[in-house]
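Work through the exercises below with the sequence and the 3D structure at hand. Each task is followed by its solution.

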Amino acid sequence: MNLTPIRCLLLGGAALLMAGCGEAPLGPEMEAFEAARARWESNGPESYSYRYRLSCFCPPQLLENARVTVTEGQVTNVYLLDSDTPAAPETFSMYLPIEGLFDRLATSLENDPVVFEATYDGALGYPTSAQVDISEQIADEEYSFTASDLSPAAP
């Protein structure tokens, strides 16, 4: 291919611009997310329970500390720890298995949030906390959660 001086200049300028951009703003967060999800997919149990607390503009029941039980990837029981009562089965769909927490974080990352802070369990990789704000211009779309005390279910 014969490159004219103008084409060389344009291609060189584009290469410099791309090199100068550096890493995407959420690059390190995405790398940590992907590594944690890979750990979970390799080491996470199919059935487990974990303690979950969500903070958002959402129904009051979701704001309680809960013990979420997951059997083969499906939420099968939720116990509301603050009110010391079992959650009604029809509300189980409001709670997420660990895979659902990863999916929610992935969707948030795709939306280029203004705030994305997440921590992950060192051994199993599941998200132990997250704080996300998608836009400074939108009220009530931000959320945070904690997930802890994950224990595999007995086989």
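The model is predicted.

**Exercise 1.** Find the sense in which β2 and β3 pair, and describe the turn that links them.

Solution. Start by locating the strands: β2 covers residues 66-71 and β3 covers residues 74-80. They pair in the antiparallel sense, over 6 bridges. One of the pairings joins Ala66 to Leu80 in β3. Next, look at the turn: 2 residues lie between the strands, which form a hairpin. In this turn, Glu72 has a positive phi of about 50°.

**Exercise 2.** Which residue of β4 is the bridge partner of Tyr79, and how many residues lie between β3 and β4?

Solution. Strand β4 spans residues 85-86 and pairs with β3 over 2 bridges, in the antiparallel sense. The partner of Tyr79 is Pro86. Between β3 and β4 there are 4 residues, and the two strands form a hairpin. Asp84, in the turn, has a positive phi of about 55°.

**Exercise 3.** Decide how α2 and α3 are oriented relative to each other, and list the residues that meet.

Solution. Helix α2 (residues 27-43) packs against helix α3 (residues 98-110) at an angle of about 160°. Angles over 145 degrees count as roughly antiparallel, so α2 is roughly antiparallel to α3. Their axes are 11 Å apart, and the crossing is left-handed. From α2, the residues in contact are Glu29, Met30, Phe33, Ala36, Arg37 and Trp40. On the α3 side they are Ile98, Glu99, Phe102, Asp103, Leu105, Ala106 and Leu109. Sorted by class, this contact has 9 nonpolar residues, 4 charged residues and no polar ones.

Conventions
Residues are numbered from 1 along each chain as its sequence is written. This is a predicted model: local features need pLDDT of at least 70, side-chain atom pairs count only at pLDDT 80 or more; totals for chains, interfaces and linings use all residues. Side-chain values use heavy atoms; hydrogens and water are left out. Two strands pair if DSSP finds at least two bridges between them. Axes are lines fitted to C-alpha atoms, for helices over the stretch in contact, and angles run from 0 to 180 degrees between N-to-C directions. Angles under 35 degrees count as roughly parallel, over 145 as roughly antiparallel, 65 to 115 as roughly perpendicular and the rest as oblique. A crossing is left-handed if the near helix is turned anticlockwise from the far one by less than a right angle, and right-handed if clockwise. Contact means heavy atoms within 4.5 Å. Ala, Val, Leu, Ile, Met, Phe, Trp, Tyr, Cys and Pro count as nonpolar, Asp, Glu, Lys and Arg as charged, and the others, Gly among them, as polar.
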